[in-house]
Amino acid sequence: MRWRSHLLNTRGVRFLGLTWPVSLIPLLSVITIAQLGTASVIAIAQSEKTRSNGMEIVFTEELTGRMLKKGAITASFSNYRSRDGIFLRRSIEDYESDSKASNEFKSLLAKAKTIIEEGKKVGRDGKQSLDRAVVRWRRPERSDMTLAIIWRDGRRMYILESSSLSHLRSFETQVYP
(Lines give C-alpha, C1' and ligand atoms only; values in the text may rest on other atoms or scores of the structure.)
Protein backbone atom coordinates (compact mmCIF):
# COMPACT_ATOMS: atom_id res chain seq x y z
CA MET A 1 0.00 0.00 0.00
CA ARG A 2 2.90 2.31 0.71
CA TRP A 3 4.13 1.93 -2.90
CA ARG A 4 0.69 2.77 -4.32
CA SER A 5 0.29 5.89 -2.23
CA HIS A 6 3.79 6.94 -3.29
CA LEU A 7 2.67 6.81 -6.94
CA LEU A 8 -0.41 8.91 -6.24
CA ASN A 9 1.61 11.72 -4.71
CA THR A 10 2.69 14.44 -7.07
CA ARG A 11 6.33 15.38 -7.28
CA GLY A 12 7.92 18.72 -8.02
CA VAL A 13 10.27 18.82 -11.01
CA ARG A 14 12.55 21.81 -11.52
CA PHE A 15 12.56 23.10 -15.08
CA LEU A 16 13.59 26.60 -16.16
CA GLY A 17 13.94 27.64 -12.53
CA LEU A 18 10.31 26.76 -11.67
CA THR A 19 8.90 23.78 -9.80
CA TRP A 20 6.26 21.86 -11.80
CA PRO A 21 3.96 19.24 -10.20
CA VAL A 22 4.22 15.87 -11.96
CA SER A 23 2.42 12.59 -11.34
CA LEU A 24 3.83 9.22 -12.37
CA ILE A 25 0.37 7.69 -12.99
CA PRO A 26 -0.10 8.84 -16.64
CA LEU A 27 3.42 7.70 -17.50
CA LEU A 28 2.94 4.31 -15.83
CA SER A 29 -0.45 3.88 -17.56
CA VAL A 30 1.14 4.38 -20.98
CA ILE A 31 4.00 2.02 -20.11
CA THR A 32 1.55 -0.62 -18.85
CA ILE A 33 -0.57 -0.44 -22.01
CA ALA A 34 2.53 -0.64 -24.20
CA GLN A 35 3.79 -3.65 -22.26
CA LEU A 36 0.46 -5.43 -22.66
CA GLY A 37 0.81 -4.99 -26.41
CA THR A 38 -2.62 -3.46 -26.77
CA ALA A 39 -3.77 -0.01 -27.64
CA SER A 40 -7.37 -0.71 -26.67
CA VAL A 41 -7.61 2.36 -24.48
CA ILE A 42 -5.76 5.55 -25.33
CA ALA A 43 -6.34 8.80 -23.50
CA ILE A 44 -5.96 11.71 -25.89
CA ALA A 45 -6.64 15.35 -25.17
CA GLN A 46 -8.20 16.47 -28.41
CA SER A 47 -10.62 19.33 -28.77
CA GLU A 48 -13.42 19.41 -31.26
CA LYS A 49 -15.22 22.72 -31.69
CA THR A 50 -18.77 22.94 -32.79
CA ARG A 51 -21.52 25.54 -33.06
CA SER A 52 -25.08 25.11 -31.95
CA ASN A 53 -27.51 28.02 -31.89
CA GLY A 54 -24.61 30.47 -32.10
CA MET A 55 -22.97 28.99 -28.99
CA GLU A 56 -19.59 27.32 -29.34
CA ILE A 57 -19.36 23.93 -27.63
CA VAL A 58 -15.91 22.46 -27.18
CA PHE A 59 -15.52 18.71 -26.67
CA THR A 60 -12.39 17.14 -25.23
CA GLU A 61 -11.71 13.51 -26.06
CA GLU A 62 -11.19 11.59 -22.82
CA LEU A 63 -10.92 7.97 -23.88
CA THR A 64 -10.95 5.93 -27.06
CA GLY A 65 -10.70 2.24 -27.81
CA ARG A 66 -12.19 -0.89 -29.30
CA MET A 67 -15.03 -2.97 -27.94
CA LEU A 68 -16.76 -6.26 -28.66
CA LYS A 69 -20.21 -6.10 -30.20
CA LYS A 70 -22.17 -9.22 -31.10
CA GLY A 71 -22.59 -9.42 -34.88
CA ALA A 72 -20.15 -6.61 -35.67
CA ILE A 73 -16.82 -7.20 -37.40
CA THR A 74 -15.25 -4.24 -35.59
CA ALA A 75 -16.54 -1.75 -33.06
CA SER A 76 -14.84 1.29 -31.56
CA PHE A 77 -15.77 4.10 -29.20
CA SER A 78 -14.59 7.54 -28.16
CA ASN A 79 -15.73 9.32 -25.00
CA TYR A 80 -15.89 13.11 -24.96
CA ARG A 81 -16.76 15.72 -22.36
CA SER A 82 -17.84 19.26 -23.16
CA ARG A 83 -16.52 22.27 -21.26
CA ASP A 84 -19.85 22.49 -19.46
CA GLY A 85 -19.43 18.88 -18.23
CA ILE A 86 -21.78 17.00 -20.60
CA PHE A 87 -20.63 13.46 -21.47
CA LEU A 88 -20.88 12.21 -25.07
CA ARG A 89 -19.93 8.81 -26.54
CA ARG A 90 -19.38 8.11 -30.24
CA SER A 91 -19.46 4.46 -31.35
CA ILE A 92 -18.70 3.17 -34.84
CA GLU A 93 -19.61 -0.40 -35.75
CA ASP A 94 -18.79 -2.25 -38.99
CA TYR A 95 -20.88 -5.19 -40.24
CA GLU A 96 -20.37 -7.84 -42.94
CA SER A 97 -23.09 -6.46 -45.20
CA ASP A 98 -25.55 -3.61 -45.72
CA SER A 99 -28.41 -5.90 -44.72
CA LYS A 100 -26.76 -6.84 -41.39
CA ALA A 101 -26.15 -3.15 -40.64
CA SER A 102 -29.76 -2.41 -41.58
CA ASN A 103 -30.96 -5.15 -39.21
CA GLU A 104 -28.83 -3.67 -36.42
CA PHE A 105 -30.31 -0.22 -37.13
CA LYS A 106 -33.84 -1.69 -36.81
CA SER A 107 -32.80 -3.50 -33.63
CA LEU A 108 -31.58 -0.24 -32.10
CA LEU A 109 -34.87 1.44 -32.99
CA ALA A 110 -36.70 -1.41 -31.24
CA LYS A 111 -34.65 -0.73 -28.06
CA ALA A 112 -35.80 2.89 -28.03
CA LYS A 113 -38.38 4.14 -25.55
CA THR A 114 -39.21 6.99 -27.93
CA ILE A 115 -38.23 7.73 -31.52
CA ILE A 116 -37.89 11.51 -31.53
CA GLU A 117 -37.01 11.75 -35.24
CA GLU A 118 -36.65 9.26 -38.05
CA GLY A 119 -35.61 10.00 -41.59
CA LYS A 120 -32.69 10.25 -43.97
CA LYS A 121 -29.26 11.88 -43.76
CA VAL A 122 -27.24 13.04 -46.73
CA GLY A 123 -23.93 11.17 -47.07
CA ARG A 124 -20.52 12.81 -47.32
CA ASP A 125 -20.70 12.54 -51.10
CA GLY A 126 -23.79 14.76 -51.04
CA LYS A 127 -25.88 12.20 -52.93
CA GLN A 128 -26.32 9.15 -50.77
CA SER A 129 -29.33 9.06 -48.46
CA LEU A 130 -28.66 7.33 -45.11
CA ASP A 131 -31.04 5.93 -42.50
CA ARG A 132 -30.99 8.19 -39.42
CA ALA A 133 -32.91 8.43 -36.15
CA VAL A 134 -32.89 10.34 -32.88
CA VAL A 135 -34.03 8.18 -29.95
CA ARG A 136 -34.50 8.11 -26.19
CA TRP A 137 -33.29 4.75 -24.85
CA ARG A 138 -35.68 2.55 -22.89
CA ARG A 139 -32.85 1.27 -20.69
CA PRO A 140 -29.74 3.42 -21.15
CA GLU A 141 -26.36 1.86 -20.42
CA ARG A 142 -25.53 4.91 -18.29
CA SER A 143 -27.66 7.73 -16.88
CA ASP A 144 -25.64 10.27 -18.87
CA MET A 145 -26.43 8.48 -22.17
CA THR A 146 -30.23 8.60 -22.30
CA LEU A 147 -30.45 10.03 -25.84
CA ALA A 148 -28.86 8.93 -29.09
CA ILE A 149 -28.49 9.90 -32.72
CA ILE A 150 -27.93 6.81 -34.84
CA TRP A 151 -27.44 6.41 -38.56
CA ARG A 152 -26.34 3.78 -41.03
CA ASP A 153 -23.96 4.37 -43.91
CA GLY A 154 -23.80 1.14 -45.88
CA ARG A 155 -22.17 -1.48 -43.65
CA ARG A 156 -21.23 1.05 -40.98
CA MET A 157 -23.33 2.19 -37.99
CA TYR A 158 -22.71 5.46 -36.13
CA ILE A 159 -24.09 5.97 -32.64
CA LEU A 160 -23.79 9.23 -30.69
CA GLU A 161 -25.06 9.06 -27.09
CA SER A 162 -25.46 11.72 -24.40
CA SER A 163 -27.97 13.25 -21.99
CA SER A 164 -28.21 16.45 -24.04
CA LEU A 165 -29.85 16.57 -27.45
CA SER A 166 -28.32 19.98 -28.22
CA HIS A 167 -24.82 18.58 -27.56
CA LEU A 168 -25.55 15.54 -29.74
CA ARG A 169 -26.76 17.71 -32.62
CA SER A 170 -23.83 20.07 -32.22
CA PHE A 171 -21.27 17.24 -32.28
CA GLU A 172 -22.95 15.61 -35.29
CA THR A 173 -22.98 18.90 -37.21
CA GLN A 174 -19.28 19.52 -36.55
CA VAL A 175 -17.87 16.02 -37.07
CA TYR A 176 -20.34 14.66 -39.64
CA PRO A 177 -21.60 17.70 -41.65
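Tyr80 and Phe171 are both buried, where buried means under 20% relative accessible area, exposed over 50% and partly exposed in between (1.4 Å probe, protein chains only). The model is predicted, so local features need pLDDT of at least 70 and side-chain atom pairs count only at pLDDT 80 or more, whereas totals for chains, interfaces and linings use all residues. Residues are numbered from 1 along each chain as its sequence is written, and side-chain values use heavy atoms, with hydrogens and water left out.

**Aromatic pairs**

- The structure holds five aromatic pairs; rings of Phe, Tyr and Trp (its six-membered ring) pair if their centres lie within 6.5 Å, and planes under 30 degrees apart count as stacked, over 60 as edge-to-face and the rest as tilted.
- Tyr80 and Phe171 form a tilted pair, with 4.9 Å centre to centre and 55 degrees between the planes.
- Tyr80 belongs to strand S6 (residues 74-82) and Phe171 to helix H4, so this pair ties together parts that are 91 residues apart in sequence.
- Ring pairs also link Phe59 with Tyr80 and Phe171 in a cluster.

**Salt bridges**

- A search of the whole structure finds 13 salt bridges, each a side-chain nitrogen of Lys or Arg within 4 Å of a carboxyl oxygen of Asp or Glu.
- Arg89 bridges to Glu141, with the closest N and O atoms 3.2 Å apart.
- Because Arg89 lies in strand S7 and Glu141 in the loop between S9 and S10, the pair ties together parts that are 52 residues apart in sequence.
- Arg89 is buried at 13% relative accessible area, while Glu141 is exposed at 61% relative accessibility.
- Asp94 and Arg156 meet in a salt bridge at 2.7 Å, N to O.
- Asp94 is in strand S7 and Arg156 in strand S11, so their pair ties together parts that are 62 residues apart in sequence.
- Salt bridges that share partners join Glu117, Lys121, Arg132, Arg169 and Glu172 into one network.

**Charges over rings**

- The charged end of Lys121 sits over the ring of Trp151, 4.7 Å from its centre; the criterion is NZ of Lys or CZ of Arg within 6 Å of the ring centre and within 35 degrees of the ring normal.
- Arg142 lies over the face of Phe87, at 4.0 Å from the ring centre.

Technical notes:
Helices (H or I, at least four residues) and strands (E, at least two) are DSSP runs, numbered from the N terminus.
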